[in-house]
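I want to go through the side-chain pairs, a helix and the cores, one at a time.

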Amino acid sequence: MVDDVLIDLGVVNRSGLAEVFEINTSTRRADIYGAIGLLLVHGVDQACRRFTALTFEKSITRDLNAGVQPLRIQVLEVALDEAKATILPMRLSVVA
């Protein structure tokens, strides 16, 4: 694990940062842009896998979904409750 206040969650292997996660409780456009920027800055190594975990309070737009794909950013849906966060099976719903 990475001990860095700028990274929500990072996984390190012998080669360096292997995975970086940005966790958002909002799907507002500005928040998604912030997540993309953080992932691109901290996940610069080609071998690093990038994830944004969203709570899907509202669907993300098609252009945002299409925009993260060429950047090698995977979108995960997360359910939050008082005790835990659960990564859900992908059922990405996007709106125009």
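By buried I mean under 20% relative accessible area, with exposed over 50% and partly exposed in between (1.4 Å probe, protein chains only).

Ground rules before going on. I am looking at a predicted model, where local features need pLDDT of at least 70 and side-chain atom pairs count only at pLDDT 80 or more, while totals for chains, interfaces and linings use all residues. Residues are numbered from 1 along each chain as its sequence is written, and side-chain values use heavy atoms, with hydrogens and water left out.

**Rings.** I searched the whole structure for aromatic pairs and got 1. The ring centres of Phe21 and Phe51 are 4.5 Å apart with the planes at 10°, so I logged the pair as stacked. My cut-offs: rings of Phe, Tyr and Trp (its six-membered ring) pair if their centres lie within 6.5 Å; planes under 30 degrees apart are stacked, over 60 edge-to-face, the rest tilted. Phe21 sits in strand 2 (residues 16–24) and Phe51 in strand 3 (residues 49–54), so to speak 30 residues apart, and the pair links these distant parts of the chain. Helices (H or I, at least four residues) and strands (E, at least two) are DSSP runs, numbered from the N terminus.

**Salt bridges.** How many salt bridges does the structure hold? I count 4, taking a side-chain nitrogen of Lys or Arg within 4 Å of a carboxyl oxygen of Asp or Glu. I noted these:

- Arg29 meets Asp63 at 3.0 Å, N to O. Arg29 is in helix 1 (residues 29–42) and Asp63 in helix 2 (residues 62–68), so the pair ties together parts 34 residues apart in sequence. Arg29 is partly exposed at 35% relative accessibility, and Asp63 is partly exposed at 45%.
- Arg28 pairs with Asp31, closest N and O atoms 3.7 Å apart. Arg28 counts as exposed at 54%, whereas Asp31 is partly exposed at 23%.
- Lys84 pairs with Asp81 at 3.3 Å between the closest N and O atoms. Asp81 is partly exposed at 43%.

**Helix 1.** I checked its length: 14 residues at 1.5 Å a residue should span 20 Å, and the end C-alpha atoms are 20 Å apart, which agrees. The expected span is 1.5 Å times one less than the number of residues. Which residues of helix 1 are buried? I find Ile32, Ala35, Ile36, Leu38 and Leu39. They cover an arc of only 165° around the axis, so they share the same side of helix 1; the arc is that of the directions from the helix axis to the C-beta atoms. Ala30 and Val41, on the other side, are exposed. The buried residues pack against strand 2, strand 3, strand 4 (60–61), helix 2 and strand 5 (73–80), with contact meaning heavy atoms within 4.5 Å.

**Cores.** The largest nonpolar core has 12 residues, including Ile7, Val20, Ile32, Cys48, Leu64 and Val75. A core here is a set of buried Ala, Val, Leu, Ile, Met, Phe, Trp, Tyr and Cys residues joined through side-chain atoms within 4.5 Å. Helix 1 gives the most to this core, with 3 residues. Apart from this core I found another, of 5 residues, among them Phe21, Phe51, Ala53 and Val78.
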